[in-house]
Each structure stands twice: as structure tokens, then as C-alpha cells.
Amino acid sequence: MVQFEQALKQKLFPDWSPYYLNYSDLKIALKNLKNAYDHQYDNKSSEFQPLIKKLSYSSNRSMGNSETDQLEDNFSSKMDDEVEKVVLFFLEQQGNLAHKLRILREHFTRLERAKSSPQKAIFEEEIKNKILNVGNDLLKLLL
């Protein structure tokens, strides 16, 4: 898992770091929950039920262990918060890209109406650069 965390950190965009999942905190919360389950089952793997099956939003708790329930709630809450943060960031970025594309559409309309001139060539080059920038922003979101 350490290798995964290292590889993940190498692929981050520094400007977006506040909007990434907090992998370290989630990993710690999940490890604490796993340890509580292990302790509750006395480390007997035959009695240990898969952790993922235990993580649910239902109020129907089969464990009855308040420590485990609290740790489960803690992990679920952290995961919800982290996913919400990422989704809101993507929605914001989608809005930014839509705005940039609308501006580019307006520039294209003006360019189509413009007569041939040296200024038109300069304007075409500016639009090409803006298109490349929007494309790069989109690729960043997809990586």
C-alpha cells in the first residue's frame, strides 16, 4: 500500500491538492476499523466477516459494539466528506470549462465575421492557443 500512496502522490497536480481524497486519513480510519473488527473477533479469521460487507449506512447494526459502530460511522463520514469534496471540485471545474468554451464560441463567431487582415491572423492564433489551454484543462480532469 505504501507503493500505491507514493505513486498517487507523484501524479497529483499541486494546485488541486486541497481537492484530492485524503488518502492517508481514510487509510488510518479504515485500519482502525479493521483493528476493531479483528479485536472483536479475537483475531480469528474464520469468524472475521469481510470488512466491506460491514460498512453500511443502515441503522441496523449487527455488531452491537459501540466502539466498532463509532469507528464505522467515523470512516463512513470521512468517506462521504471526501467524495463530496471531489465531486464538488469536478462540478466547479466543469463549470469553468463550460464558461471558457462559451467564450471561445463567441470568439469564433467574431472571427467568422471578420474580414481578412493581419489582425484576423493574430486573432486566429490567439483562439488556437485558448483551445489548446481548454484541451489541457480537460485532460487534467480526465487523468
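In the predicted model, helix 1 passes helix 2 in a right-handed crossing. The axes of helix 1 (residues 2-10) and helix 2 (residues 23-40) come within 11 Å and cross at roughly 160°. Because angles over 145 degrees count as roughly antiparallel, helix 1 is roughly antiparallel to helix 2. On the helix 1 side, the contact involves V2, F4, E5 and L8, which meet Y23, S24 and K27 of helix 2. By residue class, this contact comprises four nonpolar, one polar and two charged residues.

The crossing of helix 4 with helix 5 is left-handed. Helix 4 contributes F89, F90, Q93, L97, K100, L101, L104, H107, F108, R110 and L111 to the contact, and these meet K120, F123, E124, I127, K130, I131, V134, D137, L138 and L141 in helix 5. The residues of this contact divide into 13 nonpolar, two polar and six charged.

The mean pLDDT is 80, and 82% of the residues reach 70 or more. The pLDDT is below 50 over residues 56-60, a stretch that has three contacts in the model beyond near neighbours in sequence.

Methods. Residues are numbered from 1 along each chain as its sequence is written. This is a predicted model: local features need pLDDT of at least 70, side-chain atom pairs count only at pLDDT 80 or more; totals for chains, interfaces and linings use all residues. Side-chain values use heavy atoms; hydrogens and water are left out. Axes are lines fitted to C-alpha atoms, for helices over the stretch in contact, and angles run from 0 to 180 degrees between N-to-C directions. Helices (H or I, at least four residues) and strands (E, at least two) are DSSP runs, numbered from the N terminus. Angles under 35 degrees count as roughly parallel, over 145 as roughly antiparallel, 65 to 115 as roughly perpendicular and the rest as oblique. A crossing is left-handed if the near helix is turned anticlockwise from the far one by less than a right angle, and right-handed if clockwise. Contact means heavy atoms within 4.5 Å. Ala, Val, Leu, Ile, Met, Phe, Trp, Tyr, Cys and Pro count as nonpolar, Asp, Glu, Lys and Arg as charged, and the others, Gly among them, as polar. pLDDT is the predictor's confidence in each residue, from 0 to 100.
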